[in-house]
Amino acid sequence: MAVAGETTLEYTPTWVVAAVCTVIVSISLGAERILHYAGKYLKKKDQKPLYEALLKIKEELMLLGFISLLLTVFQDTIAKICIPKRYSDDWLPCKKKKEDSSSSEESTSHFQTFYHFTSGGARRLLAEHSASPSYCAKRGKDPLLSTTALHHLHIFIFVLAVVHVIFCVLTIIFGGAKIRQWKHWEDAISKKEYDPEEVLKFTNVREHDFIKDRYRGVGKIGNLRGWVRSFFKQFYASVTRSDYVTMRMGFIMTHCRGNPKFNFHKYMIRALEADFKRVVGISWYLWIFVVVFLLLNVKGWHAYFWIAFIPFILLLLVGTKLEHVTTQLAHEVAEKHVAIEGDLVVRPSDDHFWFHRPQIVLFLIQIILFQNSFELAFFFWIWVQYGFDSCIMGQLGFIIPRLFIGAFVQFLCSYSTLPLYAIVAQMGSSFKRSIFEEHIQHGLVEWAHKAKLKTGFKKNANGPSQVGPKEVPPPAVQLAEVVKESAEEKGNVGEIHPATGSGGSK
């Protein structure tokens with residue numbers, strides 16, 4: 001049933017319907033083709049982690065499409081849900097203006113501010129229908145959510161997802177560019193001749209650059225100085241050449257001692273690309289954050305201002321912790337040795353990370369990027385939808401700090417925190433499956449599958465009655481099974497715990 005004055009599809013010229021459909025379908029197909037060819041390009045360049053991240057973006061777009069479908073299909077039903085007026089007068093982002101009885105029939109609840117063009121005419125969004133505000137007004141109630149407010153919410157969800165994806169891509173691009181600057185360090189190390197039998201001179205540990213810059217003595221005072229230094233160092237030269245060389249050597253001596261020429265930089269890039277797939281997704285707990293913020297966005301609470309400090313504080317904590325991990329590695333060596341023979345070797349361990357889980361750092365980075373994207377997306381959406389002078393926008397004294405904090409978080413995360421995470425995350429007790437080239441990963445998975453089938457055939461041939469010691473597969477097969485299990489986990493970064501032996505590839 002159409003509202004009076006509105007033209008239904010029955011009385012709309014066919015050329016108008018056809019033209020509108022052509023434009024919409026063309027834009028949709030164009031976007032789909034762009035994503036398709038982007039995927040083909042990444043596969044051609046053997047960028048599987050980035051290709052999987054692209055698939056994750058497609059999943060998010062599909063989720064947005066489903067949300068859009070639900071909002072469109074159920075808009076009639078939602079608009080017909082009526083609530084008492086006393087409930088619609090509380091928890092408002094803007095204080096209601098007193099209106100006369102004739103205009104009060106068009107009052108709406110949360111997010112019910114109409115967007116006006118310059119001419120002052122009201123903008124009609126989505127299809128108006130019989131369930132207009134007067135439907136509930138006739139019953140002396142207010143609608144749960146008006147059609148206009150529903151459409152504004154619809155747009156905000158879409159803008160949030162798009163801004164989040166764009167910011168994640170920009171972060172990984174700028175952060176990756178910073179990490180690729182370290183490649184000349186890797187090239188310089190690989191050109192050096194390595195002779196394990198060569199007698200090397202002894203070096204005073206505390207004169208080494210990696211130790212000298214971090215060791216502040218033992219005890220509470222030294223520990224406090226270490227934390228203070230870690231806090232400030234994240235703002236400048238978060239990773240130096242001595243840091244890279246030392247942590248690279250510690251990783252190789254722990255996980256692939258037999259391959260001193262291991263390309264650590266290439267492995268680090270592959271691991272970061274694999275992590276990006278998880279960061280770019282909007283998980284269920286992030287949607288909970290959106291719902292909680294929409295609930296707390298009440299007039300006078302300035303929730304939009306205080307929310308900006310969450311990613312800011314988390315980013316400083318993560319950056320400080322990552323720097324402190326390197327400080328702990330330095331203290332560990334300095335407290336145990338006075339002098340060393342040859343290169344300084346640190347010992348990677350999960351004990352240096354929160355709750356012995358390096359994955360927590362990646363989880364916090366995902367929250368930081370999403371909340372910062374949410375803050376900036378909310379600002380631009382309010383600006384475009386309601387105007388800069390909207391009551392939801394708030395006072396200028398709250399707006400400028402929000403924008404400054406958002407820009408600072410984006411810059412620091414790209415320039416310092418993400419590159420720092422890329423190398424320090426490898427200082428855990430385990431290594432990621434990215435240590436193997438793609439074809440080697442597939443080979444290990446296939447080998448593990450065949451070994452498992454072969455073991456099953458042997459058990460069936462011997463019969464269930466035969467009792468004997470349990471057959472344990474070789475360490476390489478165990479490693480391959482872990483690779484297979486890790487590869488099958490969606491959204492998780494696979495890690496491999498070395499068994500008897502370990503190795504890697506260039």
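Guide: Helices α12 and α17 make a right-handed crossing. The model is predicted: local features need pLDDT of at least 70, side-chain atom pairs count only at pLDDT 80 or more, and totals for chains, interfaces and linings use all residues. Residues are numbered from 1 along each chain as its sequence is written, and side-chain values use heavy atoms, with hydrogens and water left out.

The axes of α12 and α17 (residues 396-424) are 9 Å apart, and the packing angle is about 115°. Axes are lines fitted to C-alpha atoms, for helices over the stretch in contact; angles run from 0 to 180 degrees between N-to-C directions. Helices are DSSP runs of H or I with at least four residues, strands are runs of E with at least two, and both are numbered from the N terminus.

On the α12 side, the meeting residues are Phe264, Met268, Leu272 and Asp275. Leu418, Tyr421, Ala422 and Ile423 face them from α17. Contact means heavy atoms within 4.5 Å. By class, seven residues are nonpolar, none is polar and one is charged. Nonpolar covers Ala, Val, Leu, Ile, Met, Phe, Trp, Tyr, Cys and Pro; charged covers Asp, Glu, Lys and Arg; the others, Gly among them, are polar. An α-helix has 3.6 residues a turn, so residues three or four places apart point the same way.

Now α12 itself. It has 16 residues, 264-279. At 1.5 Å a residue it should span 22 Å, and its end C-alpha atoms are 22 Å apart, so the two agree. The expected span is 1.5 Å times one less than the number of residues. Of the 16 residues, 14 are buried, so α12 is mostly covered. Buried means under 20% relative accessible area, exposed over 50%, and partly exposed in between, with a 1.4 Å probe and protein chains only.

Next, another pair. Helix α15 (residues 309-336) and α16 have axes that come within 9 Å and cross at roughly 150°. The two are therefore roughly antiparallel. That label needs an angle over 145 degrees; under 35 is roughly parallel, 65 to 115 roughly perpendicular and the rest oblique. The crossing of α15 with α16 is left-handed. From α15, the contact includes Ile310, Pro311, Leu314 and Leu322. From α16, it includes Val361, Leu364, Gln371 and Asn372. The classes are eleven nonpolar, two polar and no charged residues.

Ser230 sits in helix α10 (residues 219-233). Its relative accessible area is 0%, so Ser230 is buried. Beyond neighbours within four places in sequence, Ser230 contacts Thr320, Glu323, His324 and Thr327. Ser230 and Thr327 are 97 residues apart in sequence but 7.6 Å apart in space, C-alpha to C-alpha.

The loop between β4 (339-341) and α16 (359-386) holds Phe355. Phe355 is not a glycine, yet its phi is near 55°, a positive value. Phe355 counts as exposed because its relative accessibility is 69%. His356 is in the loop between β4 and α16 too. His356 also has a positive phi, about 60°, without being a glycine. At 47% relative accessible area, His356 is partly exposed.

Last, the whole protein. It has 19 helices and six strands. Of its 506 residues, 43% count as buried. Among contacts with a separation of 6 or more, 82% join residues 24 or more positions apart.

Key. A crossing is left-handed if the near helix is turned anticlockwise from the far one by less than a right angle, and right-handed if clockwise.
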